[in-house]
Amino acid sequence: MKKLLILLGFLSVIALMAWGFYQAIYAAPTEGTMGDVQRIFYYHVPHGMLGYLFFSINFVASLLFLAWRREQPAKALVADAWALAGAEVGVVFCSVVLVTGPLWGRPVWGIWWTWDARLTTSLVLWLIYVSYLLLRRFAAGPQMQTLAAVLAVFGALDMPINYLANRLWRTQHPSPVFFAGDNGSIESHMLAAFGWNVLAWAVWGLTILAIRVHVERRQQSIDGSEAAAALAGD
Amino acid sequence: MGHNFLVAAFCCTWAIQLGYLGWIALKWQGQNRKIKASAGNPW
């Protein structure tokens, strides 16, 4: 029964992804100025928004890890698994933003990259979480998780700066379309296609996050067994 | 020309996402091997 439910869940995710793709490529109208290349919007922007979500999960889980690490170590380990998974999935989503952005910018702006506030803070955000993952991978000793959690809390400061970058400063990157008051608007069919893609990628990302947390919890259990066996002298 | 950039963007997105999923699958397989090996170890 459990296997059947998991299979149905995966099929639903695949169906939703296919529907999102159909909406982005066939259902959404072609934008007048940019043409077909504007359809990158339906992958680029949802990935950016969801990147914030996964980095926020990392932030909250890191705070919980720091709060629980002394009195409730078992709970702290759960928080640590969520923090790691949030950072990894966030880096994956942020990587997509950094790859699809230049592929959209080249035909529209005539350049692959420029050091404006939005693009630079996006790259810095990605570098912060890559360094977080590298710290977790290569630092040894019992302090590694605590150091990583502290880095995550400070690293999260770049998120609001990145979000506000094209609101506070003049940038090559377009002005915001959503939550921008009278300055931003989007055609209703485009909004529907965008909404479907946000939903599809959110479900995809959260599914991968849940899988990654499960794998990390399993790893923690294997590490625990190995440490216990080593202490017992096996 | 815009069409090529669109195809490239969508292909890169899926390559990154599926690449990460594949990496998780490899990690899962590695854990299975470890669990099997430790279960078969008489010590």
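Helix H4 (117-138) of chain A is part of what covers the buried residues of H6(A); contact here is taken as C-beta atoms, placed from the backbone, within 7 Å. The model is a predicted one, so to speak of local features takes pLDDT of at least 70 and side-chain atom pairs count only at pLDDT 80 or more, while totals for chains, interfaces and linings use all residues. Residues are numbered from 1 along each chain as its sequence is written, with chains lettered from A and ligands numbered from 1 in the order in which they are written.

On H6 itself (residues 158-168), the buried set is Asn162(A), Ala165(A) and Asn166(A) (buried: 20 or more other C-beta atoms within 10 Å of a residue's own; exposed: 12 or fewer).

Now for a helix pair. H2 (residues 41-68) and H3 (residues 73-109), both of chain A, pack at about 155° with axes 7 Å apart, the axes being lines fitted to C-alpha atoms over the stretch in contact and the angles running from 0 to 180 degrees between N-to-C directions. H2(A) and H3(A) are therefore roughly antiparallel (over 145 degrees). Their contact involves 20 nonpolar, 10 polar and two charged residues, where Ala, Val, Leu, Ile, Met, Phe, Trp, Tyr, Cys and Pro count as nonpolar, Asp, Glu, Lys and Arg as charged, and the others, Gly among them, as polar.

Between chains, 22 residues of chain B contact 24 of chain A. The chain B side splits into 14 nonpolar, six polar and two charged residues.

Definitions and conventions. Two residues are in contact if their C-beta atoms, placed from the backbone, lie within 7 Å. Helices (H or I, at least four residues) and strands (E, at least two) are DSSP runs, numbered from the N terminus. Angles under 35 degrees count as roughly parallel, over 145 as roughly antiparallel, 65 to 115 as roughly perpendicular and the rest as oblique.
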